[in-house]
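Dear colleague,

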Number of protein chains: 2
Amino acid sequence: MSELITKAKKAKDCARLLATKTTEEKNAALLKMADALLNEKDFLIKENKKDIEVARQNGTSTSLIDRLTLTSERLDDMAESLRQVSELLDPVGELLTNFKRPNGLSIDKIRVPLGVIGMIYEARPNVTIDASSLCLKSGNAVLLRGSSSAIHSNIALVKVVQNALKETTIPIDAIQLLEDTSRETASEMFTLNEYLDVLIPRGGASLIQSVVKNASIPVLETGVGNCHIYIDESANVEMAIEIAVNAKTQRPSVCNAAETILVHQDWANNHFSNLLNQLADNGVSFVGDERTQAKDDRIKQATELDWADEFLDLKVAIKIVSSIDEALEHIYKYGTKHSEAIISENEEHVARFFNEIDAAAVYHNASTRFTDGFEFGFGAEIGISTQKLHARGPMGLEALTSTKYIVHGNGQVK
Amino acid sequence: MSELITKAKKAKDCARLLATKTTEEKNAALLKMADALLNEKDFLIKENKKDIEVARQNGTSTSLIDRLTLTSERLDDMAESLRQVSELLDPVGELLTNFKRPNGLSIDKIRVPLGVIGMIYEARPNVTIDASSLCLKSGNAVLLRGSSSAIHSNIALVKVVQNALKETTIPIDAIQLLEDTSRETASEMFTLNEYLDVLIPRGGASLIQSVVKNASIPVLETGVGNCHIYIDESANVEMAIEIAVNAKTQRPSVCNAAETILVHQDWANNHFSNLLNQLADNGVSFVGDERTQAKDDRIKQATELDWADEFLDLKVAIKIVSSIDEALEHIYKYGTKHSEAIISENEEHVARFFNEIDAAAVYHNASTRFTDGFEFGFGAEIGISTQKLHARGPMGLEALTSTKYIVHGNGQVK
């Protein structure tokens, strides 16, 4: 039997046990895992160096190597995050509703784990620990499939974590890593409906699209965000500029960063240069429509692709619109339903924006950068859902649960 | 452009408008649709006769022809169900949670429509009206793909309904039917992620599996139920027999009917013949394991497939088990996570069954036949979800919604 099938079977059997583990048992395991990361720092850093060496030989960029690197401080942070997850409320067993029917049946709806989660992700080794801790806390078994570029780090991390589990009541198969990182094996994973209950892809757009297109297992789609800031005619000038600069530049590589700024023509007439200067001061380059180009020659012609693209870089598409309607049309056409913001002092326009924009999160007078499990107060995040089924927006522990109806009767028949 | 793409595009544009329609507008449309069904009875019955004629020529079974047939009374029922949906609470706009963050952001989570629902279903024409009304009430556009055997009936029903919508503020593209019922077009529909937000297949296992396997659009999987009744050693005799007979025979063709009865050996020692006689009196035939065959020669040898099969017929698989553990193992191995029942007076066993069985609904001392949107008090049902993501068990209007975070700020940046 292949490594994939062997581990998937074990995960399924393990999920059955995990669903019945108490909060105390799960928390004790999380704390043991935290201790183990600290005790095994030398081993983990030594194994991580093997990945870094390969990455260097492959000419990987400095920023990617930085994301791949484990340091003593980063291991401290990972241990701390495990402790924090142990302190979160356990969603399993939560009573969501209960009702009594006229025939006397009493029906409780409670939260239960999803079962087995297949996690397919790219380079950063901290995702190995994040995903493991959130899946464990929510009573799920996880089958991790990281990237080949982090394989030594991931094998070492899962080894340390599994050794820690041996000292607890949680079976070690709760957290398993696929050592075979071939594309073929990943594809095989997409259709293992018999063993996996859900797939969560985390990484670039092409990884996510490949999973969405090819998986027969339900997928929690995460990530792609072509987010807009619409500056209404009534927008407060300083606020609008501060939010636009923040949403674009504070961390351009993430999905909740803004990619397009839409500016109402009346606001633009007085404040466009000010906005552009402050963006440029923060290193931003521009593409735009003809109206913006007529105002400022730093702006290059935007292509159709530019309006749709997630730059993930210090680049912004900028457009002058004649009305809020034009802004709503533009977002409808090019938006990815992630996070959209209106900066305005006009209540009617805000109400229209909230009502008519279809997105996971819509903002009034705030940066799109807040679409995040920690910023929303969930204490953790497995990803940001950009689909409409099951979970939308930042996903915390609750997104890793399903429900079960518990029905008490005394002989009812139909 | 093909019929499919033309209608899918229209549905997407329409969904944008529908999301902003008020409850009053939607209810007025539902009532107009109800009136129209009554006013156009002659036309609808005439068109339905064409389908029945084709079915007869094809040698379709009497029971299938019965399900296909529209009568004056059935149209009354369909009109009445439209009126009932108009009286249900509108889920759209419901405030699910709201919270304030330390930085002053105020976050509301509200219900919104899913968008465009692709409904793929088999023969019964009443599904055309059920699906249309539930999608409309929840603010979704629906693209219906019924079976070719009901095509005249479905075209007529949708024509009548669309004519009714012309007298309302709801656009007629809210409810569209694909007149092309080829398999190729249905397959093309599976991957129209650009236009459709979710697919709901309703029908036989092979239809559902085909959608689950081939769709890249998120699917709400419905239907297949291999449900068990476990009669514990402590079970009340009359209650156990009454529930087993009800769960098997009251309507054997549905997914929440029981397919396997597991009997504890101690209970079986005294009451097995009684149970078998009452099932046999209701026309049930039997397959079973060796222990049951030794007790009663009406029982044929069960194959491995029998334990896994959804008979949907007056046939039951029956097995004697030595303990609750053996029953739990059997259900874990063969169950489809739909509905499972324990008949017992032993509280500890009931607690174990509720805790350890992973299913949409678990019952104590009641028939599995209650897993149903109406029986659960939802007032409507679009299907019974057998998956763990998004919705599990009977799905009412809420299952046809997603959520949106509405964030109010006053200049917050990260």
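Lys41(B) is buried, with a relative accessible area of 16%, where buried means under 20% relative accessible area, exposed means over 50%, and partly exposed lies in between (1.4 Å probe, protein chains only). Lys41(B) forms a salt bridge with Asp76(B), and their closest N and O atoms are 2.7 Å apart; a salt bridge is a side-chain nitrogen of Lys or Arg within 4 Å of a carboxyl oxygen of Asp or Glu. This pair links distant parts of chain B, 35 residues apart, with Lys41(B) in helix α3 (residues 41-57) and Asp76(B) in helix α5 (residues 72-87); helices (H or I, at least four residues) and strands (E, at least two) are DSSP runs, numbered from the N terminus. Asp76(B) is partly exposed, at 35% relative accessibility.

Please keep in mind that this is a predicted model, in which local features need pLDDT of at least 70 and side-chain atom pairs count only at pLDDT 80 or more, while totals for chains, interfaces and linings use all residues. Residues are numbered from 1 along each chain as its sequence is written, chains are lettered from A in the order in which they are written, and side-chain values use heavy atoms, leaving out hydrogens and water.

Over all chains, the structure holds 48 salt bridges. In chain A, Glu356(A) and Arg352(A) meet in one of 2.9 Å, N to O, and because they are 4 residues apart in helix α15, about one helical turn separates them. Glu356(A) is partly exposed at 30% relative accessibility, and Arg352(A) is partly exposed at 24%.

Best wishes
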